[in-house]
Structure formats: structure tokens, C-alpha cells
Amino acid sequence: MRLVVLGSAAGGGFPQWNCRCPVCTLAWEGDPRVRRRTQTSVAVSADGERWALVNCAPEVLSQIQAVPALHPRGCGRHTPIESVLLTNADIDHIAGLLSLREAQPFSLYATGAVHDTIRANSAFDVLAPGVVDRRPVAFGVPFEPVAGVTAEIFPVPGKVALYLERGEVETAAEGEQTVGVELGDGTRRVLFIPGCARMTDTLRARIEGADAVLFDGTVWRDDEMIAAGVGSKTGRRMGHMAMSGAEGSMAAFADLRVGRKIYIHINNTNPVLVEGSPERHATNRAGWEIAGDGMEIAG
């Protein structure tokens with residue numbers, strides 16, 4: 001199984017188009033300690049010829065262009081991308097679908113709730129029903145998004161997409177709106193969890209013993225956006241665990257047996273994006289890697 005990180009940033013990418021927070025400022029000024037990142041998506045394959053995307057970022061076209069294995073081959077219309085699997089209905093995970101509208105057959109996997117959200121927006125009708133096969137998936141039922149790769153979704157504490165919020169929002173609900181994905185090839189287990197509001201015993205049991213976990217690394221500290229002067233919400237309010245602190249994800253993973261621990265979906269304000277920063281050093285000392293666009297996990 002081969003997995004390629006197409007994008008590693010949280011919503012808005014890095015640097016964010018309208019942001020001069022301390023971390024984005026480094027990117028705008030060309031500081032070599034930071035790397036530009038597109039919004040989170042990964043591609044997975046068992047044979048390097050046929051691929052599935054997990055989430056479909058707004059930058060999907062440039063992401064495809066950056067990975068030769070995803071380029072069309074032969075003459076006429078072709079793509080090695082056979083399916084797309086969605087973990088939620090966030091804009092940064094579904095907007096790229098609008099760029100895959102050129103009468104190209106592929107399968108679209110998502111929970112019933114996420115399919116309902118997409119169906120309710122007529123813009124997504126460009127994915128014609130006779131061309132794009134919309135397939136609902138359920139918890140605990142494995143399926144093959146591409147030959148040789150088994151996927152199984154599982155509930156992760158989180159919330160509905162921002163544009164679906166109404167009234168008081170439950171930020172750590174478990175249901176079809178936010179899921180993680182376990183990918184396997186019969187010998188290895190890789191978990192992709194780009195959004196998670198808190199650790200649960202059930203989630204810990206799922207993670208234990210995995211060969212690799214790509215986990216929500218949105219913010220370093222819960223009040224990070226407030227402290228940076230670019231927002232009023234905490235990480236928890238946005239449906240994301242902080243990385244640091246007694247209730248953070250590094251502490252939650254401390255006694256879990258995991259082959260590789262990789263942070264993904266990293267917000268533009270997060271100082272771990274800066275190579276050599278105290279936060280990056282602390283993350284590495286705890287056994288974590290920071291995902292970057294183009295990172296590959298093979299085995």
C-alpha cells in the first residue's frame with residue numbers, strides 16, 4: 001500500500017490568503033523555515049496504477065499535477081483516480097469535487113449524512129448521477145475504494161461543517177458528520193483522522209497497534225487563534241483537539257503503540273509549521289512527524 005499526502009494544511013491552506021499572523025508572515029516573506037501547504041487530502045493505492053483520494057481539497061488540480069502517478073495516461077480522457085472518499089462535508093474537503101466535473105466516471109464514497117449535504121447543494125449536480133456513482137458507506141462495513149485497499153470508516157468526535165451550524169453547536173458529537181478512515185492492504189493499517197475534538201476509549205482502541213496514524217494537528221494550543229489576533233474561536237469550539245497540554249493529542253497518544261505518528265490538517269497559525277521552533281522540537285521529541293505536501297508512506 002502506498003499513501004501520498006496531497007495536502008497537509010487545515011482550511012484556508014498555508015499561508016492563508018488574508019492572514020499576516022506570525023507564521024503566515026514568515027511564508028509571505030519567503031522564510032526558508034516554512035513550507036507552503038495546500039488543504040488536506042491523501043491518495044492511496046495498492047499497485048501505484050489505480051488510486052483513491054481521501055477528501056477532495058479546493059486545490060485538487062494542482063495536487064494532481066504535483067504527483068505524476070495521478071496524471072492521465074494514453075490518449076483522450078483518462079485518470080488513474082477511481083474514487084473519492086469523504087471524511088466530512090467541510091468546504092476544504094469537498095470543494096475540489098467541483099473541479100472533477102468533466103464527465104469522468106468515478107465513485108464517490110461518504111456517509112449518508114454527507115451525501116445528503118452534497119445532494120442539497122445543486123452546484124454538485126455537475127457530478128452527473130449517470131457518471132459519478134455516489135455510494136453510501138456505513139460504520140463497521142469494510143469496502144474497497146480501489147482494488148487491493150480496504151477501507152472502513154469509524155465515528156470521531158467532531159461537529160457539522162461551519163456552514164451547517166445552527167444555534168448552539170455540539171462540538172464533540174459522534175455520528176456521520178465526522179469520521180476517520182482505516183486503510184489496509186492485509187498487512188498494514190493506516191488511520192487517517194484529520195479532524196478530532198477529543199480522545200475516547202473507543203478511538204484509543206482503534207488507534208492502538210496501527211502502523212501509522214495521520215492525526216488532527218490543527219492547533220498547537222487551544223486559544224492559538226485568539227492569541228494570534230486572527231480569530232475568536234478556540235480549537236475546541238472548532239471541533240479540534242490542541243496538540244499540546246494535558247488534554248492535548250500528544251498526551252493522549254503518549255501510551256499508545258503506533259508505528260508512525262504524523263500530524264496533518266495543520267492550521268496556518270500553528271508554530272509547528274516553523275522548522276526549528278520550540279514547538280516543532282517538542283513535537284519531534286514526542287515521536288511525531290509533521291506532514292508536508294508530497295510526503296509518502298509506503299510499505
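1. The lining of the second largest pocket comprises seven nonpolar, six polar and three charged residues (Ala, Val, Leu, Ile, Met, Phe, Trp, Tyr, Cys and Pro count as nonpolar, Asp, Glu, Lys and Arg as charged, the others, Gly among them, as polar). This is a predicted model: local features need pLDDT of at least 70, side-chain atom pairs count only at pLDDT 80 or more, and totals for chains, interfaces and linings use all residues. Residues are numbered from 1 along each chain as its sequence is written, and side-chain values use heavy atoms, with hydrogens and water left out.

2. The volume of the second largest pocket is about 380 Å³. Among its 16 lining residues, His78, Thr79, Leu100, Glu102 and Gln104 are closest to the centre. Helix 2 (residues 60-65) gives the most to this lining, with three residues.

3. The largest pocket holds about 670 Å³ of space. Its lining has 35 residues, with Gly11, Asp90, Asp92, Leu162 and Met238 nearest the centre. By class, 13 are nonpolar, 17 polar and five charged.

4. The largest nonpolar core has 35 residues (buried Ala, Val, Leu, Ile, Met, Phe, Trp, Tyr and Cys residues joined through side-chain atoms within 4.5 Å; buried means under 20% relative accessible area, 1.4 Å probe, protein chains only). Phe14, Ile193, Met199, Ile207, Val213, Phe215 and Phe253 have the most contacts inside this core.

5. Leaving aside neighbours within four places in sequence, Phe215 is in contact (heavy atoms within 4.5 Å) with residues including Ile193, Met199, Phe253 and Trp288. A second, separate core has 27 residues, among them Met1, Val137, Val181 and Ala212.

Key: Buried means under 20% relative accessible area, exposed over 50%, partly exposed in between (1.4 Å probe, protein chains only). On a 1 Å grid over the protein atoms alone, a cavity is a set of points where a 1.4 Å probe fits but cannot get out, and a pocket is an open set with protein on both sides within 12 Å along at least five of seven lines; lining residues have an atom within 4 Å of a point. Grid points are joined across faces, edges and corners, and a volume is the space filled by probe spheres set on the points. Helices (H or I, at least four residues) and strands (E, at least two) are DSSP runs, numbered from the N terminus.
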